[in-house]
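Trainee: Could we go through this one together? I'd like to see how the labels follow from the numbers.

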Amino acid sequence: MTITGKILIDGEWVEGQSGTYQAVNPATGEKLEPALSKASSDQVKEAVAAAEASASKFRRSSLSQRANFLRSCADEIMALGDTLVQRAMVETGLPQARIEGERARTCGQLNLFAETVLAGDFLDVRIDTALPDRQPLPRLDLRYLNQAIGPVVVFGASNFPLAFSVAGGDTASAFAAGCPVLVKGHSSHPGTSELVAQAIAQAVKKTGMPAGTFSLLMGSGREVGAALVTAPEVKAVGFTGSFAGGMALIKLANERPEPIPVFTEMGSLNPVVLLPKSLEDNAEQIAEAFVGSLNLGVGQFCTNPGLVLGIESPALDQFIEATAAFLVSQSAGVMLNEGIQQAYNEGVATISSQPGVAKRAVGESQENKPGFCCQPTLMTVSASAFIANPLLTEEMFGPAALLVTCKNLAELLTAVKSLRGQLTGTIHTAVGEMVDYDELIDALSQRVGRLLVNGFPTGVEVCHAMVHGGPFPASSDPRFTSVGTAAVYRFLRPICYQNYPKELFPEPLQDSNPLGIWRLINGERTTTAV
Ligand code: NAP
């Protein structure tokens, strides 16, 4: 497979009609070949019309056909081989092991969704059979089923060129639901996006899915992205990125004649709370693991631990000293692109100049290094200054953290209660220590989508039980996750069939239960026939 610079509409690769641009290697700042083309608004309309034309057939594909398609996407991505790995590395500055790991995660995710589709639980079938003799009124036969919401727009994320991008979690879960997908690729890794789109296009063909099941459109967010979100045929949006970007899309979606859900994941500080005894026992080990997590992937994870809170003590001082000592030896890593580097430097400069904030340690300087590198940074602030200044709860996307020192438990509780919604919250505790901090832990749990004990939040398992979401502004809808199989629920809507002819029911609702799936029949969960 070679990169053509074309975009994919209705199964055809065509030249975008809005000019060209080039990807940039963030490790060197050099432009990469070939030139890539951008979609025009007419091309967006064509792609959306194709998705709409494919929606009915794709929605009604059998569970096994859809599972087969998802598996085929994974196989075709693997078949891209080294071409994909090399291009992703050169476009993102991420090392080979990370890209290969992410590819495995992406394909594992597609295969896991294939299993989820076959299991059929996501359909949430409920059947209440007719009660013709019920008094005072008879009950009619009622059957409930989750079905695909319609065409979904996915914005590829800059920080996961594979796992949260063209064939990432949003796309996989929308396909699993039975929704056609239109991807607005991220301009930070356009060649990678095209290669993955080629793999999906192959899978569409090989498994006989309708051509408009998948399209890839490159171009700017304000033009191509906005045109996609406002297209009447589009029924939902998945997004990972900045708060400003996410909010702009929510606004566009809400102003449509028919508002639609926009599932945004917009960043998080991922607070880490250090309970006193855990620090007395393990300050150095926790500090070392913390710095490892902070600097992983050059800190460019939405789950990066950017905020640490502890109660003043000699053990907390020891933790700060140890963290500083580990941090100074961290090298200045390559960031994903110039804009992210600039945002990081501005963020660190703003936070470090706030009243009461002190820079405690920095890693290797990015000065004199080629490309878009950044300096890992640790800052400290008192809880009173932190609580008084909402600006200190802004995300610094990259390897920077703010450590909040609290005078006592009451101040720690107030600091935690001052936090807005987060993707994760972490507690470091000695054995049996947590029971004495019930109110604190409850306050933290009310602000996060995932609560961790004695670990660090980077590394999000793709599984059935994962929640990668959380109260606003971590996500736009805290009822849903964007990672794990439960992500499929974002792209489904329930429909109830009342008194419907039995011979016309879709397979999941048929009396004989030909799919052998779990169903709620007259209030009882069973796989038996009606
Ligand atoms: P971004 O600027 O939010 O962009 C993400 C996608 O949304 C891009 O495709 C972008 O289009 C589009 N977009 C942005 N603003 C838009 C608007 N007003 N209307 C329509 N589309 C819009 O995120 P990014 O490029 O990945 O990184 C920028 C910053 O976002 C980072 O510095 C970081 O602070 C934050 N970020 C956070 C996370 C997280 O998980 N917390 C992840 C990534 C980034 P364009 O191609 O035109 O830019």
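This is a predicted model: local features need pLDDT of at least 70, side-chain atom pairs count only at pLDDT 80 or more; totals for chains, interfaces and linings use all residues.

Trainee: Which residues make the contact?

Mentor: From α2 they include Leu-63, Leu-70 and Ile-77, and from α4 they include Leu-110, Phe-113 and Leu-118. By class, this contact has 13 nonpolar, 3 polar and 4 charged residues.

Trainee: Now the largest nonpolar core. Which residues touch the most other members?

Mentor: Ile-200 and Phe-214, out of 129 residues in that core. Helix α6 (residues 190-206) gives the most to the core, with 8 residues.

Trainee: Why is this core said to lie between domain 1 and domain 2?

Mentor: Domain 1 (8-266 + 481-490) and domain 2 (271-453) both give residues to the core, so it lies between them.

Trainee: What is Phe-214 in contact with, leaving aside its neighbours within four places in sequence?

Mentor: Among its partners are Leu-8, Phe-175, Ala-197 and Ile-200. Apart from this core lies another, of 22 residues, including Phe-290 and Leu-327.

Trainee: And how many residues of each domain are in contact with the other?

Mentor: 17 residues of domain 1 are in contact with 15 of domain 2, and the C-alpha centres of the two domains lie 33 Å apart.

Terms used:
Residues are numbered from 1 along each chain as its sequence is written. Side-chain values use heavy atoms; hydrogens and water are left out. A nonpolar core is a set of buried Ala, Val, Leu, Ile, Met, Phe, Trp, Tyr and Cys residues joined through side-chain atoms within 4.5 Å. Buried means under 20% relative accessible area, exposed over 50%, partly exposed in between (1.4 Å probe, protein chains only). Helices (H or I, at least four residues) and strands (E, at least two) are DSSP runs, numbered from the N terminus. Domain bounds come from an automatic or database domain assignment. Contact means heavy atoms within 4.5 Å. Ala, Val, Leu, Ile, Met, Phe, Trp, Tyr, Cys and Pro count as nonpolar, Asp, Glu, Lys and Arg as charged, and the others, Gly among them, as polar.
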